[in-house]
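Q: I would like to learn how to read disulfides and a nonpolar core from a model. Could we go through them one at a time?

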Amino acid sequence: MKTRITLALAAVLLGIGAAGCSSSGGTTSPGPQPRPFGGVTHYDEQQRTALHNAEEGLIAACMRSRGFDYRPQGLATGDHRVDANPYGLLTVAQAANDGFGLISTALNMKRPDDPNQDQAANEAWKAALLGTEAHRVTVDLPDGQQFFYNSDSCLSQADDSLYGPDYFRAFNTFQVLSSKVVTGVQAAARFAAAEKRWHDCMATAGEPSDHLVDPIASIDQRVKQDGSDPAKTHGLIGRELSLAKTSARCQDQAGFATTVEQIQSDVEKTVIGTNQPLLDQLRTLRQQALARASHPTSTGTP
């Protein structure tokens, strides 16, 4: 039984996805490549691990205070797609190291077993962890989207202690706005011009592709076709690395990252509206959460 959703309260995001393309990735840092609003909603692997572990400790403490045992859950490892650039941008170093991150994810991703599986039928335990509908709070987001959480849950209390009570409203707001920025950037004529330069370079290199995501999609399709046969998937590594390196070199030649950064700056000014104070608050809450996670004993008991 999966009892909770990491880094998103017990909240269910209605219609919200990660901004932009989410099928590529790599083991190296995203580096200076552009992300909406300075990547305020993105955490690297080390940060995700620290936040997850701190949150799990707070949940366990809250559950103990209510008379229940909760065993902290591990974090899934090996999913290199979560660090994908939202525009599909890829550095040459990333490409040489891990391609698009698809095959390494298919071969190495591990989801931890649920250590609380034996509580699947314990309604009181689940109510303490996830809360009850009587205490459900619905939060409105831009473009008519919403998320909700149960304020009486240990999950919610732990998240409030780690991130601050208003963090997820700010975080989810900027998830929505970031998605709008990515859409706006990709719709710009300057993006199309950069993609055309990239396309011409790819064609010259013998890898014709119309759109930046096409090489990623082609490898993704092959991985899915191979299903659960690790030998077949492993055999694709050379092809993924070659295609990714060609795409990255052509992106560099086309000045893609610089173009995206310039367009993004313009689009953000339009998209942010009256939410600049909320962005400033989110940046502060993010820094505070990371500081607390780096010293988990200082987070206290919810």
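A: A disulfide is taken here as a pair of cysteine sulfur atoms within 2.5 Å. In this model, which is predicted, Cys62 and Cys154 form such a bond, with their sulfur atoms 2.1 Å apart. Because Cys62 lies in helix H1 (residues 45–65) and Cys154 in helix H5 (residues 154–163), the pair ties together parts that are 92 residues apart in sequence.

Q: What is the handedness of the disulfide of Cys62 and Cys154, and are these cysteines buried or exposed?

A: The torsion about the S-S bond of Cys62 and Cys154 is about -80 degrees, and the disulfide is therefore left-handed; both cysteines are buried.

Q: How many disulfides does a search of the whole structure find?

A: The search finds 2 disulfides. Cys201 and Cys250 also form one, their sulfur atoms again 2.1 Å apart, and this pair links distant parts of the chain, with Cys201 in helix H7 (residues 189–204) and Cys250 in helix H10 (residues 237–253), 49 residues apart. Its S-S torsion is about -75 degrees, so the disulfide of Cys201 and Cys250 is left-handed, and Cys201 and Cys250 are buried. When the bonded cysteines are numbered in sequence order, the pairing reads 1-2, 3-4.

Q: Which residues have the most contacts inside the largest nonpolar core?

A: In soluble globular proteins, nonpolar side chains tend to be buried together. Here the largest nonpolar core has 68 residues, and those with the most contacts inside it include Phe37, Met63, Phe100 and Tyr167. Helix H6 (residues 167–186) supplies the largest share of this core, 10 residues. Leaving aside its neighbours within four places in sequence, Tyr167 is in contact with Tyr43, Leu282, Leu285 and Arg286.

Terms used:
Residues are numbered from 1 along each chain as its sequence is written. This is a predicted model: local features need pLDDT of at least 70, side-chain atom pairs count only at pLDDT 80 or more; totals for chains, interfaces and linings use all residues. Side-chain values use heavy atoms; hydrogens and water are left out. A nonpolar core is a set of buried Ala, Val, Leu, Ile, Met, Phe, Trp, Tyr and Cys residues joined through side-chain atoms within 4.5 Å. Buried means under 20% relative accessible area, exposed over 50%, partly exposed in between (1.4 Å probe, protein chains only). Helices (H or I, at least four residues) and strands (E, at least two) are DSSP runs, numbered from the N terminus. Contact means heavy atoms within 4.5 Å.
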